[in-house]
Amino acid sequence: MILKGKRVLLAGMSDRRSIGYAIAMELQKEGAELLLTSFGRMMTITEMTAKKLNPVPDILEMDVQKPSDIKAAVEEVSKRWDRLDGLVHSVAFAPQDALGGQFLNTPWESVATTLQVSAFSFKELAAAFLPLMKEHGGSMITLDFDNSTQAWPKYDWMGVSKAALESVTRYLARDLGRYKIRVNAICAGPLATLAASGIPGFKDFEGEWEKRAPLGWSLQDRSPVGRAAAVLLSDYLNLTTGELLHVDGGYHAMGAELPPR
Ligand SMILES: NC(=O)c1ccc[n+]([C@@H]2O[C@H](COP(=O)([O-])OP(=O)(O)OC[C@H]3O[C@@H](n4cnc5c(N)ncnc54)[C@H](O)[C@@H]3O)[C@@H](O)[C@H]2O)c1
């Protein structure tokens, strides 16, 4: 059990399709103790999903757009635990007009929301929970869709936010390394989740991935991402930081479609 005795806070688990749920399951399997966060109307869904975990973790209210929620969550975590070993940021959101091919017309308010929830919030959580980690070190991870070098159909301002998130990951790695805190991103291939269902044309990705990923890909199998998270949160990769770890079947490394298998 590579996470025995580790205490991890996971932000962003919704229903059972959620990448957060796959991560939570793998972390528990590896012996981690968990606390979850959710917010607003999503809370009921998170509560239902959490019942499938064993033991059922407590869930704190934390809207990453509300500094008061983040502060309250830090206080709650501090009451339960004297230290935090891991932080998982599996949070993203874009208003409808920031996705779907309206790139040239998206108003700044929608762009700002997308960037705040999907990129800036990683820095917000990292800074807020730092006092619980800085004495002994730890690991922080976020969830990325490899975006810094390419534009994707329909992904629009979420794509820009993911590029920003990759950069945030590197700057956090720079500033938190002195506390022996590692900061990495998992670049997952497409997975059928609640957030993904809001991306128009998302299903088209499946065929694309199958044709190009040498290891193959399934939109339904989230467990490889969960296991990658477990390894990044463990002590095994203790000199890995500022890294974008691809869990995408190898898609990113291919220049063209592969011949049919
Ligand atoms: N599904 C994919 O294909 C895919 C691929 C690569 C990366 N990702 C990333 O993985 C992460 C998790 O997404 P998912 O696909 O599991 O979907 P999901 O809907 O299960 O997770 C998104 C989470 O973000 C949370 N969230 C949104 N706004 C928030 C706010 N203001 N405050 C706090 N939490 C908020 C939601 O409550 C939800 O739990 C996201 O960053 C997503 O971009 C997804």
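The stops below go through a strand, a loop and a group of aromatic rings.

This is a predicted model, in which local features need pLDDT of at least 70 and side-chain atom pairs count only at pLDDT 80 or more, while totals for chains, interfaces and linings use all residues. Residues are numbered from 1 along each chain as its sequence is written, and side-chain values use heavy atoms, with hydrogens and water left out.

Begin by selecting S139, which lies in strand 5, residues 138–144 (strands are DSSP runs of E with at least two residues, helices runs of H or I with at least four, both numbered from the N terminus). S139 is buried, at a relative accessible area of 0% (buried means under 20%, exposed over 50% and partly exposed in between, with a 1.4 Å probe and protein chains only). Its side chain reaches the backbone oxygen of L232 at 2.8 Å. Beyond its neighbours within four places in sequence, S139 is in contact with residues including D85, R182 and L233 (contact means heavy atoms within 4.5 Å).

Next select T149, in the loop between strand 5 and helix 5 (156–176), where T149 is exposed, with a relative accessible area of 65%.

Finally, select F145 and W152, which form a tilted aromatic pair, 5.2 Å centre to centre with 50 degrees between the planes (rings of Phe, Tyr and Trp, the last by its six-membered ring, pair if their centres lie within 6.5 Å; planes under 30 degrees apart are stacked, over 60 edge-to-face and the rest tilted).

Technical notes:
Polar contact = N/O pair within 3.5 Å; in protein donor to acceptor, adjacent residues only side chain to side chain.
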